[in-house]
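Please look over the structure below. A short briefing follows, grouped by topic.

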Amino acid sequence: MTTTRIDDIQMAYDDVGSGPAVIFIHGYPFNRSLWTEQAEALSGKYRVVTPDLRGFGESDSSEGPSTMNRMAQDIARLMDHLGIQQAVIASLSMGGYVALAFTKQFPSRVKALVLADTRAQADSDEAKQTRAQQAEKALSEGMAGIADAMLPKLLTPETVSKRPEVVKRVRDMMLKTKPQGAASALLGMAEREDQTEFISTITVPTMIVVGREDAITPLADSEKMRSRIAGSRLVVLENAGHVSNLEQTEQFNFALLRFLERVLV
Ligand code: MLT
């Protein structure tokens, strides 16, 4: 792990392998270790950069909402620091919100996009209220209650009952998240723009991935993105929920490697 100063925070990241750059943006409330298996699978051929977003993992938190635009700017500043002009941006869930904000602000820096278990729409008013309550809860009670409430929505019932190692991995990531980081991200997600119109202007190769049983960003959200992003392809992973790269690592990596081979020729 390395850290570098990005504006007001010290940002942590791993940078392994060499070749065309692939940057992985994790979801909420996770950290860069979400991508351990993807980094292992890719680093023989590609340069793999996995940052901890502001407020997550070993990166500093900041006061106020961590907006998706702000987090996208952090990624651009990290790329500047690493001398990476353009990269494949791979993302999951909140990482996808950041990836879309990044693509809008820095279109020339995106070689291709992977949007896993995410959506283009903004939050409803009700969802925004829930985010504000969750932010309060994280600050006053810590992450344990949030982790317990989220777990059954993140993984399939089968994973929850039969794969304790995956449950533990996801739960440990959530428990390690700093309450301030979680609260700032929740408020940032609540503020995010609706990208439904924007995504129809995306021209880079895009692969959309979703677990068929994703209860947070369901298949229908991915189908909508697929219909709006010209030339995009949709990969539906069976027996996977929201954290599809952890629940079906082999299928996820297979799709990812094939996509990268096609777009990075
Ligand atoms: C995530 O996995 O990043 C979040 O659950 C996304 C969200 O809450 O909208």
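How far is an oxygen atom of the ligand from an N or O atom in the side chain of Y97? The distance is 2.5 Å. The model is a predicted one: local features need pLDDT of at least 70, side-chain atom pairs count only at pLDDT 80 or more, and totals for chains, interfaces and linings use all residues. Residues are numbered from 1 along each chain as its sequence is written, and side-chain values use heavy atoms, with hydrogens and water left out.

**The ligand and its shell**

- The ligand has G27, Y28, S93, M94, Y97, R119, R131, M150, M189, I216 and H242 around it. A residue is near a molecule if one of its heavy atoms lies within 4 Å of it.
- This shell holds 6 nonpolar, 3 polar and 2 charged residues. Here Ala, Val, Leu, Ile, Met, Phe, Trp, Tyr, Cys and Pro count as nonpolar, Asp, Glu, Lys and Arg as charged, and the others, Gly among them, as polar.
- The side chain of S93 places a polar atom 2.8 Å from an oxygen atom of the ligand.
- Y28 uses its backbone: a polar atom there is 2.7 Å from a ligand oxygen atom.
- The protein buries 94% of the 260 Å² that the ligand exposes when taken alone. Accessible areas come from the Shrake-Rupley method with a 1.4 Å probe; for residues, only the protein chains shown count as cover.
- The largest pocket is where the ligand sits. A pocket is an open set of points on a 1 Å grid over the protein atoms alone, where a 1.4 Å probe fits, with protein on both sides within 12 Å along at least five of seven lines. A molecule sits in a pocket if more than half of its atoms lie within 2 Å of its grid points.

**Buried residues**

- T118 belongs to the loop between β6 (110-116) and α4 (125-141). Helices (H or I, at least four residues) and strands (E, at least two) are DSSP runs, numbered from the N terminus.
- T118 counts as buried because its relative accessibility is 0%. Buried means under 20% relative accessible area, exposed over 50%, and partly exposed in between (1.4 Å probe, protein chains only).
- A polar atom of the T118 side chain lies 2.9 Å from the backbone oxygen of S93.
- S244 is part of helix α11 (residues 244-247). With 0% relative accessibility, S244 is buried too.
- In sequence, S244 and R212 are 32 residues apart; in space, their C-alpha atoms are 8.9 Å apart.

**The loop between β3 and α1**

- P29 lies in the loop between β3 (21-25) and α1 (36-42). A cis peptide bond links Y28 to P29, with omega about -10°.
- N31 is also in the loop between β3 and α1. Its relative accessibility is 8%, so N31 counts as buried.
- The side chains of N31 and S33 make a polar contact at 2.6 Å. A polar contact is a pair of N or O atoms within 3.5 Å; within protein, one must be able to donate a hydrogen and the other to accept it, and residues adjacent in sequence count only if both atoms are side-chain atoms.

- D7 is not a glycine, yet its phi is positive, about 50°. D7 sits in the loop between β1 (2-6) and β2 (9-16). At 38% relative accessibility, D7 is partly exposed.
- N239 has a positive phi near 55° and is a residue other than glycine. N239 is found in the loop between β8 (233-237) and α11. N239 counts as partly exposed because its relative accessibility is 46%.

Definitions and conventions
On a 1 Å grid over the protein atoms alone, a cavity is a set of points where a 1.4 Å probe fits but cannot get out, and a pocket is an open set with protein on both sides within 12 Å along at least five of seven lines; lining residues have an atom within 4 Å of a point.
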